[in-house]
Amino acid sequence: MKNNEKFPYLVIEKRHNDFIFIDIHLLDIFANFSKENLNYRLLEELDSLMLNFDIDQIKESIMRANIVVNDNDVSNGQLIIKSGKQKLPLMTKEVVSELNLPKLLTEIFGDEQNKRYLNIIYNKLSSIVKEQEKLLAIKESIDLMNFKEFYCLFAKLTYKEQRELYFYIYQNVLNKYKVGILKRKKTGDN
């Protein structure tokens, strides 16, 4: 692990900055996983474990493990990843099934009327990506509506940059896009 990377923990945030740290080795949903797989060190490794389950499965396993004194803390708390001072959303089965990023980007790039969504994505990327050369190349791929080039550039971002953009699109763009498509269908403006 690089020195500047913080170890990611699965936690329940009961109240603002009041965390219950969860040892995933104690969760029965991971019973069929090898100990090597459960000894993660990086965020992407923890994400790959979590995306096998939905939020309810994880919370129910925590309650069955009886590692939290009050089940209400599990039910009402927010399940997140804590990495240093950062609080990150959990990459779960629901998130991955609701947002198929390559499919969504193919749709957005496939219609000139969707360019505003690409500009929203670029604006977010400009706050995430610090390398100006990469940003210029991304902007050019958007201006040319070149999905393949954009996706190649996306693949070259760090995992944390990709993850931050993924969750931004999931939380802020996906529903707006779906609503926009429905409105266009109703007005017959395909």
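Reply: Lys14 counts as partly exposed, because its relative accessibility is 29%; the cut-offs here are under 20% relative accessible area for buried and over 50% for exposed, with partly exposed in between (1.4 Å probe, protein chains only). Lys14 forms a salt bridge with Asp73, and the closest N and O atoms are 4.0 Å apart. By salt bridge I mean a side-chain nitrogen of Lys or Arg within 4 Å of a carboxyl oxygen of Asp or Glu. This pair links distant parts of the chain: Lys14 is in strand β1 (residues 8-15), Asp73 is in helix α4 (residues 71-76), and 59 residues separate them. Helices (H or I, at least four residues) and strands (E, at least two) are DSSP runs, numbered from the N terminus. Asp73 counts as buried, because its relative accessibility is 18%.

Before going further, a word on the ground rules: this is a predicted model, so local features need pLDDT of at least 70 and side-chain atom pairs count only at pLDDT 80 or more, while totals for chains, interfaces and linings use all residues. Residues are numbered from 1 along each chain as its sequence is written, and side-chain values use heavy atoms, with hydrogens and water left out.

Next up is Arg64 with Asp28, whose side chains meet in a salt bridge at 2.6 Å, N to O. Arg64 sits in helix α3 (residues 55-65) and Asp28 in the loop between β2 (18-22) and α1 (35-38), so the pair ties together parts 36 residues apart in sequence. Arg64 is partly exposed at 49% relative accessibility, and Asp28 is partly exposed too, at 39%.

Then there's Lys124, which forms a salt bridge with Glu164; here the closest N and O atoms are 3.5 Å apart. Lys124 belongs to helix α7 (residues 115-128) and Glu164 to helix α10 (residues 159-187), so this pair ties together parts 40 residues apart in sequence. Glu164 is partly exposed, with a relative accessible area of 40%.

Back at Lys14, salt bridges that share partners join Lys14, Asp73, Arg15 and Asp18 into one network.

The protein chain has 10 helices and four strands, in the order β-β-α-α-α-α-β-β-α-α-α-α-α-α. Of its 190 residues, 41% are buried. Among contacts (heavy atoms within 4.5 Å) with a separation of 6 or more, 68% come from residues 24 or more positions apart.
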